[in-house]
Amino acid sequence: MSKSIGLMVMILMFGSSIGFAQDRYAIHYRYKPQTDYHLDVPEELMLAKAVNRRLREGVSLDSTDLPVSPKYIEELKPLVSKIQYHSKWLNASVVVATAEQIAFLEALPFVDRAELVAKGFYDASHGGKMESGRIPVSISLKSKKDNSYDLQNEILGIPAMHDMGFTGEGITIAVFDAGFNNADKISGMQHLFDKNRIIAMRDFVGPEERDVFHTDGHGTAALSVMAAYQPRQLVAGAYDAQYVLCITEDVRSEYRIEEYNWVRAAEFADSLGVDIINSSLGYNRFDDARMNYAKEDLDGKTAIITQGAVLAARKGILVVSSAGNEGNGSWQTLTAPADGDGVLAVGAVNNQLQKSSFSSTGPTADGRIKPDLVALGSNVTIWRQVDSPNISSGTSFSSPQIAALAAGLWQAKPEWTRAQLMERLLKSGSQANDPDTELGYGVPNFTSAYFWDDLEPGEVAKSYLFPNPLDGDELFIHHGKDTDCMVRIIHPQGQVIADGNLHRSTANLPYKVRMKNIKPGLYIVECRDKWLRKNYRLLIE
């Protein structure tokens, strides 16, 4: 049998794979030959907003910005059952194929390797049903009676950000999640549709032509913490930002293909000029144990999703990732891509500003401090059901709060690069001078980050309350360098129980506050002058 006839027989056999088990594989290529696209013509590869972001960041286009070789795609088509998509950053194609087809592909000279990324596949002719997978679990949430979202906003300085007119306008945020069920029906998010603030959407799990308002409400909840606007129910930090909604997580199973979906979504977001990615997702264990990561793999370069997140950061996108909810389990530490260098990993605190028990801790396998920052993650006000907001907990909901804060800060300081924005967020953290592997740099604050360049070196470190704990009725506050200060005493549940303006004759002296008729407990003392806004924890005995 001649070589050409043998190949034709092989193609015919592969084209009719009925009766053979078919799974999903990532085909990685050795090379990336190009004839149709050129790096010196960036408008062929991405929108003008993306080009402008590269200019601001001083980042040149490189081979990762070029698509997979059309030549390889044409050769691949007749050799597999289906091509799902291509990843230019990974120089790979995700395909549906049998083991026999993969064995043949691996022998091709331009193929570097083939990796099993998921068992089974989606068949659009059967309504997107998967051959194998888990039964989706429905989660019911306890209603939040008082609809109080003040605390989650207050500790980040969101009210001050809004008072200064920064609500995320002009910033584009991509949200990668499991689904956005009800997001198009919730009254607190109708402004996103009325004002065309959802500029793109794509489902990377099912057929791409579908919308994203289905399957799961986890992404809806994460979106609401950034984008909802309904006074007295939920006002989020970046309700005027633009959004790109992407489904990358498959709730019916857990396989590495979800990492590839994430990277493909990041490429999509990058081409649109997205400024921030919020990813309330994390990976360490899979339905196929052969795919599992070990703790030593959390080194910022091993996991596929981490590779994609780091590359997105290098291209000027601020990647904000939940640190993980493994704190109570045997794993305890981060999940990918929170281990990425340049990825802003966000942990969770409770209403006493202490680490939520479930929040994953660091460090990374190579010894870097993680998480980077924390926000309220216990009893967060979110909106995922049509009728009203609820409460829920997890680093999934602390991460988007930081993304919203970053959007307002970047609107205020559009000249900052991604690295400068990240630096200011870290420096504004409540424990920036002594970061650890539980809270990282602590809770960031808009005012401190915004005015950082106006503060004297070490000024934030000099700000404190005493005595603390307070066992009398006289409190002294060292705060900032002005002689006038606005002070508010905030109950852990968010209610303002006292407020007023303080004056001192010189900035070297502390402010003095009479604390009478306040019940014992932990409180937040918010102090603000024209240079600095900072929240302090105060224990009253």
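## Buried or exposed

Buried means under 20% relative accessible area, exposed means over 50%, and partly exposed is in between (1.4 Å probe, protein chains only). L353 is buried, with a relative accessible area of 13%. N196, on the other hand, counts as exposed at 60% relative accessibility.

A quick note before going on: this is a predicted model, where local features need pLDDT of at least 70, side-chain atom pairs count only at pLDDT 80 or more, and totals for chains, interfaces and linings use all residues. Residues are numbered from 1 along each chain as its sequence is written, and side-chain values use heavy atoms, with hydrogens and water left out.

L353 has a positive phi, near 60°, though it isn't glycine. You'll find L353 in the loop between β14 and β15; helices (H or I, at least four residues) and strands (E, at least two) are DSSP runs, numbered from the N terminus. N196 isn't glycine either, and its phi is near 55°. Look for N196 in the loop between α7 (190-194) and β8 (198-203).

## Cis prolines

A336 and P337 are joined by a cis peptide bond with omega of about 15°. P337 is in the loop between β13 (318-322) and β14 (344-349).

Another cis peptide bond links G362 to P363, with omega of about 0°. P363 belongs to the loop between β14 and β15 (373-376).

## Around Y243

Contact means heavy atoms within 4.5 Å. Skipping neighbours within four places in sequence, Y243 is in contact with several residues, including I173, L192, L223 and A238.
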